[in-house]
Amino acid sequence: MKTFLSLLFFVVVLNFAFAVLTMLMFHGQIEGATTLPDYFFYAVSSLTTSDLGEMTPKTTGVRTWTTAYVLLAWVYIFYVTVNHIRDVKFRIFG
């Protein structure tokens, strides 16, 4: 349950925060993104690599920002997953 809540927190809060920061810092630099829901979609689709080409960053700054976000998010998800597997292992075998 702890893992689920942690990932839910990440999906909702951190993606929303990334969307808001991206909108404030790079408004107009992502083709196809004009509203906050668009930027939230951009955040989620960047993380899941399921954008299908609907939104395209126009500048190197946006590309760098998005790349850093995705890499940090993957590290976080990996960390939560490994800790969850470790906890399950200890409960089963410990």
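Which residues form one aromatic cluster? They are Phe18, Phe26, Trp65 and Tyr69, and the points below start from them.

1. A word on the model: it is predicted, so local features need pLDDT of at least 70 and side-chain atom pairs count only at pLDDT 80 or more, while totals for chains, interfaces and linings use all residues. Residues are numbered from 1 along each chain as its sequence is written, and side-chain values use heavy atoms, leaving out hydrogens and water.

2. The structure holds 3 aromatic pairs (ring centres of Phe, Tyr and the six-membered ring of Trp within 6.5 Å; planes under 30 degrees apart are stacked, over 60 edge-to-face, the rest tilted). One of them is the stacked pair of Phe18 and Trp65, at 5.6 Å centre to centre with 10° between the planes. Because Phe18 lies in helix H1 and Trp65 in helix H3, this pair ties together parts 47 residues apart in sequence (helices, H or I, at least four residues, and strands, E, at least two, are DSSP runs numbered from the N terminus).

3. Phe18 is buried at 4% relative accessible area, whereas Trp65 is partly exposed at 26% (buried is under 20%, exposed over 50%, partly exposed in between, with a 1.4 Å probe and protein chains only).

4. Trp65 also forms a tilted pair with Phe26, at 6.2 Å centre to centre and 45° between the planes. Here Phe26 in helix H1 and Trp65 in helix H3 are 39 residues apart. Phe26 counts as buried, at 12% relative accessibility.

5. Do look at Thr66 too: it sits in helix H3 (residues 60-93) and is buried, with a relative accessible area of 9%. Leaving aside neighbours within four places in sequence, Thr66 is in contact (heavy atoms within 4.5 Å) with Phe18, Tyr42 and Ser46.
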